[in-house]
Amino acid sequence: MGIRTLIHSICIGILLGAAVAAAEDKKPADLIVQGEYVLAMEPGSKAIQDGAIAVIDGDIVAVGPASDIQAQFDAAQTIDGAGKVLMPGLVNGHTHSSMVLFRGMADDLPLMTWLQDYIFPMEARYVDQALVEAGTKLACWEMITSGTTSFVDMYFYPDVIADVAVKCGLRAVVAAPMIDFPSPGFSGWDDSFAAGVDFARRWKGKHPRITPALAPHAPYTVSKAHLEAAFSAAKDLGVPVSIHVAEDQAEVKTVSDTYSMSSISLLSGMGMLEHRTIAAHVVWPTDQDIAALAGSMAGPIHNPTSNMKTGAGIAPVAKMLAAGVTVGLGTDGAASNNDLNLWQEMRLAALIHKGAATDPTLVTANQALDMATRMGAMAVGLGDQVGSLSVGRRADMIQVSIDNPRFQPLYNIVSHLVYVATGADVVTSIVDGKILMQDREVKTIDVAAMRADIKAIAKKIQADLLKP
């Protein structure tokens, strides 16, 4: 062997040895997800160009440039990020998932007329376990395909809702409405309250992705004594409270006439603002109410589409944010929206307040996106787990395709996510490091079977409604 050949062989050996050593130094990971841009949604953080996230046992263990992540980890699976933004999954802070099966049945009505003359009677007539199962599955499909990874649900048969959420792979805060008059499966307060407490007791700690809650429906449908009982039980169980609050002016008048105070003041007097309370709507708070909410443990959930559609009004979100209130976003149920698309809520939240106040600086795109992710997670009590992409958080994240020419030119990622993107641009949804959807294909739901179940239920309801 010549000297040149010998030197060449030695060099190759050294390089191969170094490569093997480098490979052996890599840590094993379950999943690496890449993004042309990685948007962590941590305060003060900037988008990482050509970034990636490593996941082990459902936890985010590293965030940084893709080259660094690939050098550190040897993953069982890698999802390419070319033409995609990787960001936290969206948090839907208030919905009634099964009401997707009432979509389009009672439109263009005032809130109280819609609720009392249509929704309550329809629920009494049609809601059962089969409807809730099929409806929740459809809602989960709709949320997965539009990038929602966590949702707060208030509806009947909560065991069914929780089971479906577990099977579909989503994270959820689940509670059944407690109400003073008859509702599906219940004669009134006593049995609905007992069942709600029993559900929360059985599901607390049962599954890591399900947080049980207690849900006294609203201050105008639940007496003060019963609100106090629900809050006391929530404190004893250590679970959140989910409630509709200050939703429209009819409620404001009813509560004022009955208790000579606002709905927020009523809850505050019971100590609910010092407990994790998910306060849906909060359309009509007073300045004193906003001051009380600031720094409290209550998280108002802004539902712009539903509130406008029912004529309930426009929540003073800009004023709440300026006061330091932690505000989340929600869709409400699909009977009053009529979809579960949080991208629409983000865009509306960033637009309607500008128009209403003739001030284009109110509710910026950054604030709207924050309400749908990091701040939204905080508002519903999940901020220590999800809402941002940082080491130690659970791996709940989505990829949004920016390949469509609609996204060009790309000067500001957040602007395009809020003002350009739609739910259909979400191509990957991941919860706890498990892939629920990839390349727009949902992996956790049998879509054909779901369609058949929905059609059968809808056909039965439609035939019943058409009877003379």
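The model here is a predicted one, where local features need pLDDT of at least 70 and side-chain atom pairs count only at pLDDT 80 or more, while totals for chains, interfaces and linings use all residues. Residues are numbered from 1 along each chain as its sequence is written, and side-chain values use heavy atoms, with hydrogens and water left out.

I put the volume of the second largest pocket at about 210 Å³. It has 19 lining residues, and Thr211, Pro212, Gly238, Val239 and Pro240 are the closest to its centre. Strand β12 (residues 210-212) gives the largest share of this lining, three residues.

My terms, for the record: on a 1 Å grid over the protein atoms alone, a pocket is an open set of points with protein on both sides within 12 Å along at least five of seven lines, a cavity is a set where a 1.4 Å probe fits but cannot get out, and a lining residue has an atom within 4 Å of a point. Points are joined across faces, edges and corners, and a volume is the space filled by probe spheres set on them. Helices (H or I, at least four residues) and strands (E, at least two) are DSSP runs, numbered from the N terminus.

**The sheet with β12.** I followed β12 into an open sheet of four strands, ordered β8-β9-β10-β12 and paired in parallel (a pair needs at least two DSSP bridges). β8 (90-95) and β12 are the edge strands with a single partner each, so one side of each has no neighbour in the sheet. From one strand to the next, I get an average twist of 10°.

β12 pairs with strand β10 (residues 171-175) in the parallel sense over three bridges. In one of the pairings, alanine 172 has isoleucine 210 of β12 as its bridge partner. Helix α6 (residues 189-203) lies across β10 and β12 and runs at about 140° to β12 (contact is heavy atoms within 4.5 Å; axes are lines fitted to C-alpha atoms, for helices over the stretch in contact, with angles from 0 to 180 degrees between N-to-C directions).

**Largest pocket.** I get about 310 Å³ for this one. Its lining has 19 residues, with Leu39, Met41, Ser45, Asn366 and Val414 the closest to the centre. α14 (365-372), α15 (374-379) and α16 (413-419) are the elements that give two or more residues to it, and α14 gives the most, three. By class I find 11 nonpolar, four polar and four charged residues.

**Cavity.** Helix α3 (residues 111-126) gives the most, six residues. The lining divides into 12 nonpolar, seven polar and three charged residues.

**Another sheet.** I also looked up β14-β15-β16-β17, an open sheet of four strands with parallel pairing. Its edge strands are β14 (241-245) and β17 (328-329). Strand β16 (residues 298-302) pairs with β17 over two bridges, and isoleucine 301 stands opposite glycine 328 of β17.

**Whole chain.** I count 17 helices and 21 strands. The C-alpha trace spans about 100 × 50 × 45 Å along its principal axes.

Notes:
Nonpolar A, V, L, I, M, F, W, Y, C, P; charged D, E, K, R; others polar.
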